[in-house]
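Hi,

Here is the structure I promised to pass on. Have a look at it first, and then read on for what turned up.

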Amino acid sequence: TDSKVSTQKKTFPEVQAERLEQAQRTVLINCPAKIDERKFLKYLSHHGKINSHYFYESYGTYAVVEFSEKDSITSLQDVTRMPGIEEECAVPFKSRVFTLTLKNLSTQAADQAPVHCHKQATILVSELIQKLCSADSVSNQLYTLMDEYQLTEENIKLRFLVCSLIQDIACAYFPESTVKPFGSSVNTFGKLGCDLDMFLDLDEIGQNSTRAKTGAFYMEYQMKRVPSERTASQRILSVIGDCIDNLGPGCVGVQKILNARCPLVRFSHQPTGFQCDLTTNNRVALRSSELLYIYGSLDSRVRALVFSVRCWARVHGITSNIPGHWITNFSLTMMTLFFLQKRTPPIIPTLDQLKALADSEDKHIIQGNDCTFASNLNKIKPTENTETLDVLLGDFFEYFGNFAFNKNSINIRKGKVQNKPEPSPLYIQNPFEQTLNVSKNVNQSQLDRFVALARECAWILQQEDKGHSSLSNSQPWGLAALLLPSVTSNSVKSKRRKRGPTSERIKNLLDSLKINNENSLVNNGGKRTFSNQAR
Ligand code: GTP
Ligand code: MG
């Protein structure tokens with residue numbers, strides 16, 4: 001049913017800790033596509049028990065192998081040789097990324113079929129539209145889209161593995177540091193191909209040292225002093241950025257973007273195809289990822305609607321992977337959550353209600369911002385709202401197609417419309433840094449495009465409700481109709497009237513989508529994938 005309650009009851013920090021620990025027992029091996037999987041596992045199991053493994057493709061075939069014990073990795077490293085490169089020289093940094101070759105290529109690979117690879121990218125929009133058309137309700141279309149787009153278990157594991165590989169590098173300087181994923185990799189709204197946001201956590205350093213209560217002396221580290229936390233972050237990221245550039249196998253295109261509002265190091269991790277952003281001193285973002293995780297885990301309709309809205313926005317160029325005056329995925333998610341808080345009865349609680357359920361362990365004040373809310377999903381009462389996603393999708397477009405953006409702001413803390421405190425076209429209050437606007441970058445024309453498109457989509461769904469479109473013919477309908485490029489036209493109505501035979505029209509539309517997709521194909525990890533999956 002639409003109101004299925006998630007069975008996942010672990011808290012966000014519990015899930016993170018479990019996955020990070022698992023990642024530390026895992027290795028990444030570039031191997032031939034044609035390999036005897038049984039022999040390969042037997043060979044590796046000399047170093048210890050293997051818990052799980054899978055293969056994927058990205059500039060070659062890779063195996064992700066999780067050992068049962070961390071010691072197995074040391075044992076594997078002990079027998080691994082340094083590469084014998086004739087003309088180049090290798091930087092001798094021993095990581096957990098390996099290359100495995102066959103000793104006798106001609107005999108060993110001759111009769112082998114290629115190994116089964118797990119998918120790491122979404123299907124093309126044209127294929128998605130075809131799949132959506134064979135669903136039996138709009139509601140199931142939304143779930144189909146989510147099933148196709150969401151991160152797979154293997155992809156999530158790979159994201160944690162990359163964090164753990166970067167942590168190995170950071171630990172060379174800061175042995176107690178950790179690197180944790182945040183943003184859409186972990187907030188339950190991530191789409192295959194989304195970037196990997198990483199947080200270099202140095203706060204634990206020194207936390208455990210207990211001050212000697214007896215004796216006549218205090219002992220303190222001598223440390224470099226810098227004028228601000230921002231400067232400290234910039235210096236740390238600069239050094240770690242250099243290390244990633246110089247030592248990290250497969251880390252390419254390293255850029256240090258230290259003057260940004262939140263300083264970061266950006267790079268591509270070639271073995272996985274992930275675009276990575278490493279930040280530090282960004283604990284509020286980690287907390288907002290947890291908040292979104294909670295909302296996404298409360299009711300299956302939340303994720304289904306957010307995925308569809310994000311996909312719809314990307315297909316129509318409302319969002320982009322290039323920074324600019326566009327609405328971001330984060331802002332769109334806030335808008336969708338707000339809409340779900342405004343239903344009667346509400347589908348999800350407000351942030352203030354989650355704060356009221358918090359206990360002492362949930363109390364978090366970060367840089368003066370109150371980031372307190374209940375972490376325990378079991379404490380949050382499931383909603384009594386039973387509306388279907390058919391209704392919610394239509395009402396979402398109706399709601400924001402008619403929202404008074406000129407005077408009102410969106411606030412998921414209160415779940416209430418409020419007067420805008422300043423005249424930005426779109427004002428979405430930052431839930432934690434409450435004086436900030438999450439969508440300050442959005443200009444009037446981008447907002448107008450969003451509103452016009454939302455109105456058109458509300459209109460299309462209403463026409464279908466009135467029986468103007470039949471589910472029995474093969475015309476794209478429901479969510480599929482909203483993803484077609486024709487919807488961006490100003491004269492959807494006149495176009496509809498003029499349309500040719502149904503099958504011809506679908507064929508033309510799908511062909512045009514294919515052409516558009518071909519134009520925007522990017523080479524993601526050796527695979528040709530649709531460019532809008534980047535974000
Ligand atoms: P993708 O587009 O799939 O990458 O979504 P995302 O949620 O990961 O967004 P992004 O990579 O842009 O940012 C990562 C995280 O940083 C978000 O999940 C938020 O927690 C935080 N963040 C992003 N943009 C903003 C913003 O404008 N304001 C604030 N306060 N936090 C932001
Ligand atoms: Mg992201």
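Predicted model: local features only at pLDDT ≥ 70, side-chain atom pairs only at ≥ 80, totals over all residues.

Of the chain's 535 residues, 51% count as buried. The fold is built from 17 helices and 15 strands. Among contacts with a separation of 6 or more, 68% are between residues 24 or more positions apart.

Next, the metal site. The magnesium ion (ligand 2) has D195 and D197 as its protein donors, each through OD, at 2.1 to 2.2 Å. Both of these residues, D195 and D197, are buried.

There is also a helix pair to look at. Two packed helices are described by the angle between their axes and the distance between the axes. For helix α11 (residues 329-341) and helix α13 (residues 389-401), the axes come within 11 Å and cross at roughly 105°. An angle of 65 to 115 degrees counts as roughly perpendicular, so α11 is roughly perpendicular to α13. On the α11 side the contact is made by M335, T336, F338, F339 and L340, while α13 brings L392, D395, F396, Y399 and F400. Sorted by class, this contact has 8 nonpolar residues, 1 polar and 1 charged.

Now for some backbone details. Most residues other than glycine have a negative phi, and most peptide bonds are trans. Here are the exceptions I would point you to:

- T344 and P345 are joined by a cis peptide bond, with omega about -15°. P345 sits in the loop between α11 and α12 (351-356).
- T188 has a positive phi, near 75°. Its place is the loop between β5 (178-182) and β6 (196-201). With a relative accessible area of 18%, T188 falls under the 20% limit and so is buried.
- Q367 also has a positive phi, near 45°. This residue is in the loop between β10 (365-366) and β11 (369-370).

Last, a loop proline. P114 lies between α4 (105-108) and α5 (125-133). Is P114 buried or exposed? P114 has a relative accessible area of 55%, which is over the 50% cut-off, so this proline is exposed. Leaving aside neighbours within four places in sequence, P114 is in contact with A33 and K34. From P114 to E37 the C-alpha distance is 9.5 Å, although the two are 77 residues apart in sequence.

Technical notes: Residues numbered from 1 in each chain as written. Chains lettered and ligands numbered in written order. Heavy atoms only, no water. Helix = DSSP H or I, 4+ residues; strand = E, 2+ residues; numbered from the N terminus. Buried < 20%, exposed > 50% of the residue type's maximum accessible area, 1.4 Å probe, protein only. Contact = heavy atoms within 4.5 Å. Donors = N, O, S within 2.8 Å, 3.2 Å for Na, K, Ca; no water. Axes fitted to C-alpha atoms, helices over the stretch in contact; angles between N-to-C directions. Parallel < 35°, antiparallel > 145°, perpendicular 65-115°, else oblique. Nonpolar A, V, L, I, M, F, W, Y, C, P; charged D, E, K, R; others polar.
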